[in-house]
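Subject: Structure handover

Hello,

Please find the structure below. My notes on what was found in it follow.

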Amino acid sequence: MKLATRINSVLPTVDGDILQAIDLVSKVDGITSVDLNFPEHFEQYTVSEVSNKLQDTGLEVNGLALRFRKHFINGELGNSKIEIAEDALTLCYQAADACRDLNGKVITLWLGYDGFDYPFQIDYPKVWNQVKMFIKKVADYAPDLKISIEYKPYQERSYAFIDSIGLTMLMVNEIDRENVGVTVDYCHMLMKRENPAYGLSIAAERNKLFGVHINDGYGQHDDGLMVGTVSFMQTLEFMYYMKKGHYESAVYFDTFPVREEPLAEIQQNVEMIHEINRLIDSVGMSHIENVISKNSAIEARHLFLQFLQSVNPIVTTK
């Protein structure tokens, strides 16, 4: 299993030095990959310097995630000032070039500022068509890369323009490019009151699942808690459908240690995801599928007990 983690979790411990952060992350047992933010993680060092460090540590780049800052506070690709939207497009082109140089595979677009806060604030059809046009341009500029839309219902705006699995898939279908798909983020799905496994399955069944961000939370905010710590059963189902959909790209830990020691927090995520994977295998994909086919809450509850019985005891008594 390819596992990546959030570099920004460890950056504060090394005064923001990206090369030192990569060094630290490479020492976490089980982490194979990184997703880097563009242009944020290339402000101190060149793409070549970052690439050399990654080669030294043995980590591979899964992809680059666009980070649009204050210049785009009123919108990125959907900005009403077309020159600012074109600046966002140029940034996407630059990210694609850097991603190729790093042997990455995915460009992740989270359009956090494309949205609205008030009624009558934006022209919905105009913004929809403008965002669609610019993502098409990115896809055509980089046909060798996957262009993946990461949705979130709110934050930075009161309403995100692309806020759900349904709207994201509608946008993907209208763009109609083979290399445009979806990144699902577990916490974002909880915030939208989606069941994460259901949303993931919609993308996977259509061969549009290009990215998976896993974490946990309570559903009101982007809590970024450690994997499986709040909604364990839903996390199990999420990973079952990820395995069923034959997702083979990196699984990214998008968690936010604030009071926790970052490397220890990342290690807990690694151990948890491997244990959940083991639980699914121990019960068996075919058995789980059989339980689902019965459409019975009682059978589903019994499956939960089977998962519990498969857990290795942490403490044994003589």
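A residue is called buried if its relative accessible area is under 20%, exposed if over 50%, and partly exposed in between, using a 1.4 Å probe and protein chains only. Helices (H or I, at least four residues) and strands (E, at least two) are DSSP runs, numbered from the N terminus. With these terms, strand S6 (residues 146-150) has four of its five residues buried, so S6 is largely enclosed by the rest of the structure.

Please note that this is a predicted model, in which local features need pLDDT of at least 70, side-chain atom pairs count only at pLDDT 80 or more, and totals for chains, interfaces and linings use all residues. Residues are numbered from 1 along each chain as its sequence is written, and side-chain values use heavy atoms, with hydrogens and water left out.

The whole chain

The protein chain has 11 helices and 10 strands. Its radius of gyration, taken over C-alpha atoms, is compared with a globule rule of 2.2 Å times the number of residues to the power 0.38. For 318 residues a compact globule would come out near 20 Å, and the protein chain has 20 Å, so the two agree. Along the principal axes, the C-alpha atoms fill a box of roughly 70 × 45 × 35 Å. Of the 318 residues, 53% count as buried.

A contact means heavy atoms within 4.5 Å. If we take contacts between residues at least 6 apart in sequence, 77% of them join residues at least 24 apart.

Strand pairing

Two strands pair if DSSP finds at least two bridges between them. Which strands pair with S6? Strand S4 (residues 106-109) runs parallel to S6 and is joined to it by four bridges; Ile 107 stands opposite Ile 147 there. Strand S8 (residues 180-185) is also parallel to S6, again with four bridges, and here Ser 148 stands opposite Gly 181.

Strand S1 (residues 3-6) likewise has two partners to look at. Three bridges join S1 to strand S10 (residues 251-253) in the parallel sense, with Leu 3 opposite Val 251. S1 also pairs in parallel with strand S2 (residues 33-38) over three bridges, and Ala 4 stands opposite Ser 33.

Leu 190 is in helix H6 (residues 186-191). Is Leu 190 buried or exposed? Leu 190 is buried, because its relative accessible area is 13%. Leaving out residues up to four places away in sequence, Leu 190 touches Pro 196, Asp 216, Gly 217, Gly 219, Ser 231 and Gln 234. The C-alpha atom of Leu 190 is 30 Å from that of Leu 59, which is 131 residues away along the chain.

Backbone details in loops

Two peptide bonds are worth a look. The bond from Phe 38 to Pro 39 is cis, with omega near 5°, and Pro 39 is in the loop between S2 and helix H2 (47-57). A cis bond also joins Gln 155 and Glu 156, with omega about 25°; Glu 156 lies in the loop between S6 and strand S7 (159-160).

Arg 193 is exposed, because its relative accessible area is 79%. Asn 207, which is not a glycine either, has a positive phi of about 60°. Asn 207 is in the loop between H7 and strand S9 (209-214) and counts as exposed at 66% relative accessibility.

Regards
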